[in-house]
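Here are a few exercises to work through with the model open in your viewer. Try each task before you read its solution.

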Amino acid sequence: MSWALVFEQLLNGLQYGVMLFLMAAGLTLVFGIMNLVNLAHGSLYMVGAYLAAAATQWTGNYLLGVALGLAGTLVVGMAVEVTALRTLYERDHLDQVLATFGLILFFNELIAIVWGRAPLYSSLPPWLQGHIKLFAGSTYPVYRAAVIVVGLLVAALLWYVVTRTRLGMLIRAGASNREMIGALGINIKLLYTLVFGLGAALAGLAGMMQAPILTVQIGMGENILILAFVIIVIGGIGSIRGAFLAAIFVGLIDTLGRAFLPDLLRKILSSAAASTAAPALSSMLIYLLMAIVLVVRPEGLFPANRR
Amino acid sequence: MIASLNARNSIAALVVAGLLLLPLYTSISGNVFVLTLFTRIVIFALAAASLNLIMGYGGMMSFGHAAYLGIGGYAVGILSSEGIGSGFIQWPVALLASALFALVIGALSLRTRGVYFIMITLAFAQMAYYVASGLAPYGGDDGLTIYKRSDFGGLINLSNRVQFYYLCLGCLFGGIYLIWRIVNSRFGMVVQGLRSNEQRMQAIGFPAKRYRLVCFVIAGTMCGLAGALLANNTDFVSPAVMYWTRSGDLMVMVILGGMGSLFGPVLGTIVYLLLEEALSQVTEYWALIMGPLLLLIVLFGRGGIMGLLGRLSRG
């Protein structure tokens, strides 16, 4: 277990965590402001990945494809909000869970009809392939490094928008008292649609960034969705800061667990028992973490005293 | 609860009679497929009924109920692959394992409220799913084939379709009877009281968490039984039975039928699975219709089928 390997896995964990944050941010934003539990958030992740892959193929330009994919996901998100979800804000969480569960079924089939059931592989332009040199002769893929940079930039941008701009002020005001800002003459419906679209675009961005690392396939958003839920439960629902810290934490734990737990277990257990236990245990780690957090602090680590 | 002849009760009676007489129909018509379909429906109805106990009566919105289907199933499957074929051992182990799992995750999850509870139960079920996927000696992702159904000596032969159907039906009716007794007992009243006003119940002096936990464990155990039945029905158990969309299916069945009504989940399961079957005959893309249909039911169909029947009989 060399230090270069540990460092590389740390970067991988950071990359995964940043990607998870983009998912969790949209989810927690929508929950904090509209009080909506949106299971279909994973579908938006999938839609983003498919749209970007298709647009890249169509235009032949990766960046253009990503931009079109983002715009497309934004539009799809806003359309879903206007047609289906708007009426759900006043309902209880159970109704929201079921209705958005229905949306997942719908989106999965829609994608199957448009693109078929076989997975797509998205290719990278030459300038994103290859490796950059790190210290001591170790290297790291350019693409993953780019994901980390873009993710951190988006996180910073999100922080800036929410805390420093008029739109962010309205978002925060909408979260604390929706009647009041409606009474002050703000178009709350439009604001909600915008916020939902923003969350959708973030999920779509996460999907298209993860696409070259994994494959683009139906149901790809579902596992990520569960992880995003775990993250916002750990971080405290409605808190963007909590979502960020929890996402990085979960990304690191999951990646490091999968990378090093088998070796660690082999030192304690027999090699046969270790190779049986390690995969199960490393995929359980995050849920164990969540259980511990909930036992110690049922409201999450950073409960939303409003971002 | 005095039974009166209104739309709800007559539909429930019709369904019970229909389910009881179904093997008669299949033996006359020779249509075996209907019997296998309904065996599946009856098993899922038991699972949905157990979910209804905590969701409808207890107000605990568990999104991880399918975990017990898997645990009950894996108990049967693992014991069977280890050469222990007797149902007298397999089934109690299945029930015990489900009860234990419910006890542990209930004790942790019930510390939380509302949407946190929905998500933590979901996450625990996913955890069970991943554990099952990692069980390499017992099939891992691919699942575990059960070569021989549970052996109950000369008492009942599970490989006989009709006998197995009646066993499942017996379990379903037994489960519903049990729920009926629980709901109308003092214990059940306390649990329902906790659903409507927790603070008041605590002020009277009831330990809220303990009552909820017991209710949670009863429901989990009952669903574990459904899991044991399901594994015997398909001769197979795989992590897929615990996947979170399964838990979603179970919730939909309960809501569709009518939460907090005794026979609602049974009706909901029948309608949901028959609809799924019918739509998949029409088109490969049945979920494209099912999804929006679900959305519409949630948006406009308050109280599910039972609620609708209730409104009908009131005029």
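A residue counts as buried if 20 or more other C-beta atoms lie within 10 Å of its own, exposed if 12 or fewer, and partly exposed in between, with C-beta atoms placed from the backbone. This is a predicted model: local features need pLDDT of at least 70, side-chain atom pairs count only at pLDDT 80 or more, and totals for chains, interfaces and linings use all residues. Residues are numbered from 1 along each chain as its sequence is written, and chains are lettered from A and ligands numbered from 1 in the order in which they are written.

**Exercise 1.** Work out what share of chain B is buried, and check its radius of gyration against the globule rule.

*Solution.* Start with burial: 51% of the 315 residues of chain B are buried. Next, take the rule, 2.2 Å times the number of residues to the power 0.38, with the radius taken over C-alpha atoms. For 315 residues a compact globule would come out near 20 Å, and chain B has 19 Å, so the two agree. Finally, the C-alpha trace of chain B spans about 55 × 45 × 40 Å along its principal axes.

**Exercise 2.** Describe the side of chain B that touches chain A.

*Solution.* Count first: 37 residues of chain B meet 35 residues of chain A (contact means C-beta atoms, placed from the backbone, within 7 Å).

Note on methods:
Two residues are in contact if their C-beta atoms, placed from the backbone, lie within 7 Å.
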